[in-house]
Amino acid sequence: MDQSLQNPYATLAQVTLLCLMQRASDRIQFLLWSQDLNHKIPQHNRFKGVMDCFTRIPREEGSMAYFRGLRAVLFQIPLTLPMGALLPREGDNLEMKVKAISVLYYPLVLHPAEVIWVKMTTDYGKPAARLYPGIMKTSQFIFQAEGLRGFYRGAIPFTIMEFLSKVVIERENSMISMAQQYKNGNWNSIDLGIRFSIFCLIQSVLRLPICVIGSRMIIEPYHLYQKHHSMIENIKMVKNKFGIRGFFLGFSLESVNWVYDFWRVQNKINSNSF
């Protein structure tokens with residue numbers, strides 16, 4: 001029997017803890033990636049790194065500020081439900097059709113919610129000074145500033161990331177395959193650890209630069225009068241300001257995503273079905 005079913009409360013607690021850790025690490029990463037665009041973080045007061053950002057958030061905003069924008073993340077959950085009805089159940093090239101629909105569904109339906117989340121999570125400062133205090137206020141500001149196209153800023157890089165995850169890296173299938181190899185006895189614990197580490201490293205190296213550029217495109221314009229920079233302009237801007245390391249700011253926080261992925265692989269190993 002699946003161990004996760006034997007103790008559903010423990011599983012729920014693990015998922016909740018890991019998700020909260022992810023949201024906190026995401027906020028730190030987004031702030032590091034975009035602080036030079038944020039007028040609320042003046043140049044003399046910018047974060048020096050992950051630990052500086054981690055310690056200043058509760059001190060300057062309150063302990064719950066790690067999870068700012070969590071409501072926008074939860075808002076994405078019901079938006080994913082209709083995708084199941086769109087996926088084909090049979091026919092030729094079924095796997096490729098499922099992947100294509102999954103990739104296209106993201107920019108059309110899920111990206112507007114991602115834009116709202118990024119705006120809310122990068123809104124730094126005390127609650128009274130927030131520009132994006134909630135989902136409705138944030139939506140109104142985006143629409144007033146740019147109209148409907150404002151909800152699709154950064155859609156290209158984030159769709160590229162979705163394509164890499166679902167088609168190139170095949171994240172879900174790769175984790176299932178690793179769990180099967182270990183459970184069938186083809187790999188021992190060391191083999192699994194080495195291959196999983198390489199898989200996570202490749203995934204992070206491909207993901208981070210795309211996230212940096214996509215998040216910066218979403219955050220602009222912070223005010224109505226600010227100029228919006230294209231994807232190419234943002235790439236040049238990051239390269240000129242920070243060098244190559246600018247595309248990998250907050251890389252150490254990727255370990256949180258690795259822990260979450262390893263937990264999922266472990267759950268698949270403990271399960272009798274894949």
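Two residues are in contact when heavy atoms lie within 4.5 Å. The views below show a predicted model.

View 1. With a relative accessibility of 4%, Arg56 counts as buried, because buried means under 20%. Leaving aside residues up to four places away in sequence, Arg56 touches Asn45, Arg46, Phe47, Glu61 and Tyr124.

**View 2. Phe47 in the loop between α2 and α3.** Phe47 sits in the loop that runs between α2 and α3, the latter being residues 50-61. Its relative accessibility is 6%, so Phe47 counts as buried. Asp36 is 11 residues from Phe47 along the chain, and the C-alpha atoms of the two are separated by 9.9 Å.

**View 3. The crossing of helices α2 and α5.** Helix α2 covers residues 8-34 and helix α5 covers residues 94-121. Their axes come within 9 Å and cross at roughly 75°. This angle makes α2 roughly perpendicular to α5, because angles of 65 to 115 degrees count as such. On the α2 side the contact is made by Arg23, Asp26, Arg27, Phe30 and Leu31, and on the α5 side by Trp117, Val118 and Thr121. Sorted by class, the residues of this contact are 4 nonpolar, 1 polar and 3 charged.

**View 4. Helix α6 and its buried face.** Helix α6 consists of 12 residues, 135-146. At 1.5 Å a residue it should span 16 Å, and its end C-alpha atoms are 16 Å apart, which agrees. Buried in α6 are Ile135, Thr138, Ser139, Phe141, Ile142 and Glu146. Seen down the axis of α6, these buried residues fall within an arc of 165°, so they line one face of the helix. In general, an α-helix has 3.6 residues a turn, so residues three or four places apart point the same way. Met136, Lys137 and Gln144 are exposed on the other side of α6. After α6 comes Gly147, with a positive phi near 75°.

**View 5. Helix α7 and what covers its buried residues.** The 14 residues of helix α7, numbered 155-168, reach 18 Å from the first C-alpha to the last. That is close to the 20 Å expected at 1.5 Å a residue. Ala155, Pro157, Phe158, Thr159, Met161, Glu162 and Leu164 are the buried residues of α7. They are covered by elements including α5, α9 (189-219) and α10 (231-242). Glu170 follows α7 and has a positive phi, near 55°.

**View 6. Arg171 in helix α8.** Arg171 lies in helix α8, which covers residues 171-183. Apart from residues up to four places away in sequence, Arg171 touches Ser165, Phe199, Gln203, Tyr260, Asp261 and Arg264. One of these contacts, Asp261, is 90 residues from Arg171 along the chain, yet the C-alpha atoms of the pair are separated by 9.4 Å.

Notes: Residues numbered from 1 in each chain as written. Predicted model: local features only at pLDDT ≥ 70, side-chain atom pairs only at ≥ 80, totals over all residues. Heavy atoms only, no water. Helix = DSSP H or I, 4+ residues; strand = E, 2+ residues; numbered from the N terminus. Expected span 1.5 Å × (residues − 1). Buried < 20%, exposed > 50% of the residue type's maximum accessible area, 1.4 Å probe, protein only. Arc of directions from axis to C-beta. Axes fitted to C-alpha atoms, helices over the stretch in contact; angles between N-to-C directions. Parallel < 35°, antiparallel > 145°, perpendicular 65-115°, else oblique. Nonpolar A, V, L, I, M, F, W, Y, C, P; charged D, E, K, R; others polar.
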